[in-house]
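Reader: I would like to go through the aromatic pairs and the ligand site. Please show me the model.

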Amino acid sequence: MNLSADQLSAAIAEAVAVVRAGWATRPHTAIILGTGLGSLAQHIEIEAEWSYRDLPHFVRSTADGHRGRLLAGRLAGVPLIAMDGRFHAYEGYSAQQITFPVRVLAALGAEFLIVSNASGGMNPLLRSGDILLIDDHVNLMGNVGRALLPVSSAETGKSARPTFYDPQLLSLAERFAAEEQIPIRRGTYVAMLGPNYETRAEYRWLRTLGDVVGMSTVPEVLVAHELGLPVVAFSMVTNVFRADDVQQTTSEDVVNAAANAEPQLRRLVTRLLTSDFTSRGQVF
Ligand code: HPA
C-alpha cells in the first residue's frame, strides 16, 4: 500500500527529524553504498549512525552483503550522509519503500547522489572487477517505476528522453578516473527484479539491451530525478557472462569480487566528493 502524497511528506519529516536530532550538519552529498562500495563505510569519519530499524518508515535490509544503517559523517572533510546497505524490490518491498530513503536524503539537504551497485557483465569487453559508469538504463523491474510517483511530478512525464545520469558528473568521473589511472567505461545498466541471477537464455537476450545487468538502482535514480537531485552511478562488475558459459553465479562470488575492486571505486568517489563541483554545487 502506497502512502498518499501528504502521508509521504509527513513520513519524510518524521525521519528527517530523527536524523537531525542526532546530526545537525547539512550533508553535501548522499551516497548509497551497495554491494560495490560497502567497505567505504569504514573510511567515513562517522559522527552519527542509525540502524534502519530505528528510523521511522525505513524497512529492513535483508540482502547478502548489505548492512542496514544510515551513516552521517565526513569523508575527506566533506559532510555526507550514506546508506550502508539498500533495499531491493526482490526483498518484497514496494517501490515507495525502496526509495523512501532517497527522499529523506534529499530533504536533509544533500545536493548530489552517488550510487553504487554490483552487476553482471554482458558486454564481452567487461571483466570481473571492472567499474562501469552508468549513463543510461533499461528498466525491466516491472511496475517499479510507476509506483514511484505519488507526489506526481509533471516534469518526469514530460520529457520524452529523460537523462537520469548527470552528464557533468559523468564527465567529471571520467576525468578523475583517467587521472587516477582507473579504467572505467560508460554503459547501460539493465535492471531486473531478481532475486535470481539470470538464466543463460535471459543473458543472451539482455545482452542486446545493455552492458551490465543488476537488481537495483533504477528505483532510487527515478526518485532522485523526480527530486532534481543529480546522480552519478557506478556499477561494479562482479561476474561476467559468456555465451557458452555454464558457470553459475553465487552471491558469495559477487560480494568477494566487489570487495576486491572497492579501493579503486573509493578513490574515485573521494575525488568526486572533494571536487569543486560537489563541494560548491557548481561547475568550475
Ligand atoms: N545479475 C544480476 N545482478 C547481479 C549480477 C548478475 O549477474 N551480478 C551482480 N549483481
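The questions below take up ring pairs, then the ligand, in this predicted model.

Reader: Is the ring pair of phenylalanine 58 and phenylalanine 87 stacked or edge-to-face?

Author: The ring centres lie 6.4 Å apart. Planes over 60 degrees apart count as edge-to-face. Here the planes stand at 75°, so the pair is edge-to-face.

Reader: Which residues do ring pairs link into a cluster?

Author: The whole structure holds 6 aromatic pairs. Phe58 and Phe87 are both buried. Ring pairs link them into a cluster whose members are Tyr52, Phe58, Phe87, Tyr93 and Phe100.

Reader: How many residues apart in sequence are the parts tied together by tyrosine 203 and phenylalanine 241?

Author: These two rings are stacked, 4.2 Å centre to centre with 10° between the planes. Tyrosine 203 lies in helix H5, and phenylalanine 241 in the loop between strand S9 and helix H7. The pair therefore ties together parts separated in sequence by 38 residues.

Reader: Is tyrosine 203 buried or exposed?

Author: Buried means under 20% relative accessible area. Tyrosine 203 has 5%, so it is buried.

Reader: What distance separates an oxygen atom of the ligand from an N or O atom in the side chain of tyrosine 203?

Author: Tyr203 is among the residues that come nearest to the ligand. A polar contact needs N or O atoms within 3.5 Å. The distance here is 2.6 Å.

Reader: Which strand gives the most to the shell around the ligand?

Author: Strands S5, S8 and S9 each supply at least two residues. The top contribution is 3 residues, and it comes from S5.

Conventions: Residues are numbered from 1 along each chain as its sequence is written. This is a predicted model: local features need pLDDT of at least 70, side-chain atom pairs count only at pLDDT 80 or more; totals for chains, interfaces and linings use all residues. Side-chain values use heavy atoms; hydrogens and water are left out. Rings of Phe, Tyr and Trp (its six-membered ring) pair if their centres lie within 6.5 Å; planes under 30 degrees apart count as stacked, over 60 as edge-to-face and the rest as tilted. Buried means under 20% relative accessible area, exposed over 50%, partly exposed in between (1.4 Å probe, protein chains only). Helices (H or I, at least four residues) and strands (E, at least two) are DSSP runs, numbered from the N terminus. A residue is near a molecule or strand if one of its heavy atoms lies within 4 Å of it. A polar contact is a pair of N or O atoms within 3.5 Å; within protein, one must be able to donate a hydrogen and the other to accept it, and residues adjacent in sequence count only if both atoms are side-chain atoms.
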